[in-house]
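Here is a short report for a reader who is new to this structure. Take a look at the sequence and the model before reading on.

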Amino acid sequence: MKVLIIGVGSEVEPLGMMYVVGALKNAGHETRLQLIKNQVPFPEIPVERGYDFVGFSLLTGFHRHLLKLSQHYREAGIKTIAGGPHATFFPEECLLSANFVVRGEGINPILKIVGGRIKQDTIIKSEPIRSADQIPFPDRAELYQDPNSRDNPIKNMICSFGCPHSCAYCYNSLYNSMFPGFAVRQRSVDNVIGEAKTLLRYPLETIFFQDDNFGLRTEWLAEFAEKWPR
């Protein structure tokens, strides 16, 4: 299948979308990532034909623009998928403009949708992947089509998925109640280093870890402190 993933870009690499693109490519689907500039006024984006599915990563504040674009794609006969934080917490709103709405982590649901296992328009509550090491590395080839992204000396990674805490200012208390038992999944140190080595082919001075809680487990941190410098 031909799949287009659309989201809003920023200075920080969009790991969520990059993981989804990586999983789709790993499953054999032809996939492209399109990032829209965060600017005012929001740019008008034309509908591109020739795709079987178009997925949107929705952030609240930009969601109206992207849902409008999703509606245009759907009217053009292309199946659309809404995911990301806004879709997770406001799925009914998103279903008005998309064929499928994913709540939670997008990898498993989008593979089922694109693979033809979910055919009817619906809201899908994700079942997060239990083993972090089973998740394919985030795809960088699509993002690095942009020389500014490729040549940025700061690259981004994540060593764990989720957060065990329920701070009052954060969404995690609600999110963890939606997906009990998946608060934190830690990648192995070797898996993290394996991805880091793939970054050496690009300009690189700093790796920024986006974890909610980096080094949450002291045993993991001790192994990381030993192996990472080597």
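The text below goes from the sheet to the helices and then to one loop.

The model is predicted. As a general point, strands of a sheet pair through backbone hydrogen bonds, either parallel or antiparallel.

Two pairings can be followed in detail. Strand β3 (residues 53–57) runs parallel to strand β4 (residues 79–83), and five bridges join them. Here valine 54 has threonine 80 in β4 as its bridge partner. Strand β5 (residues 100–103) pairs with β6, also in the parallel sense, over four bridges. In that pairing, the partner of valine 102 is isoleucine 124 in β6. How does the chain get from β5 to β6, and what is the hand of this β-α-β crossover? The chain passes through helix α5 (residues 107–114), and the crossover is left-handed.

**Helices on the sheet**

**Helix against helix**

Two packed helices are described by the angle between their axes and the distance between the axes. Two such pairs are set out here.

| Helix pair | Angle | Axes | Crossing |
|---|---|---|---|
| α1 and α5 | roughly 40° | within 10 Å | right-handed |
| α8 and α9 | about 40° | 10 Å apart | right-handed |

Begin with α1 and α5. Their axes cross at roughly 40°. Because of that angle, α1 counts as oblique to α5. On the α1 side, the residues in contact are Tyr19, Val20, Ala23 and Leu24. They meet Ile107, Ile110, Leu111 and Val114 in α5. What kinds of residue make up this contact: nonpolar, polar or charged? The contact of α1 with α5 has eight nonpolar residues, no polar and no charged ones.

Now take helix α8 (residues 189–198) and helix α9 (residues 218–227), which pack at an angle of about 40°. That angle is why α8 is oblique to α9. From α8 come Val189, Asp190, Val192 and Ile193. Facing them in α9 are Trp220, Glu223, Phe224 and Lys227. The residues of the contact of α8 with α9 divide into five nonpolar, no polar and three charged.

**The loop between β2 and β3**

Two residues of this loop deserve a look. Asparagine 38 is placed in the loop between β2 and β3. Which residues does asparagine 38 touch, not counting residues up to four places away in sequence? They are Val8, Gly9 and Phe62. Asparagine 38 and phenylalanine 137 are 99 residues apart along the chain, and their C-alpha atoms are separated by 26 Å.

Proline 41 also lies in the loop between β2 and β3. The peptide bond from valine 40 to proline 41 is cis. Its omega is near -5°.

Definitions and conventions:
Residues are numbered from 1 along each chain as its sequence is written. This is a predicted model: local features need pLDDT of at least 70, side-chain atom pairs count only at pLDDT 80 or more; totals for chains, interfaces and linings use all residues. Side-chain values use heavy atoms; hydrogens and water are left out. Axes are lines fitted to C-alpha atoms, for helices over the stretch in contact, and angles run from 0 to 180 degrees between N-to-C directions. Angles under 35 degrees count as roughly parallel, over 145 as roughly antiparallel, 65 to 115 as roughly perpendicular and the rest as oblique. A crossing is left-handed if the near helix is turned anticlockwise from the far one by less than a right angle, and right-handed if clockwise. Contact means heavy atoms within 4.5 Å. Ala, Val, Leu, Ile, Met, Phe, Trp, Tyr, Cys and Pro count as nonpolar, Asp, Glu, Lys and Arg as charged, and the others, Gly among them, as polar. Two strands pair if DSSP finds at least two bridges between them. A crossover is right-handed if, with the strands pointing away from the viewer, the path from the first strand over the helix to the second runs clockwise.
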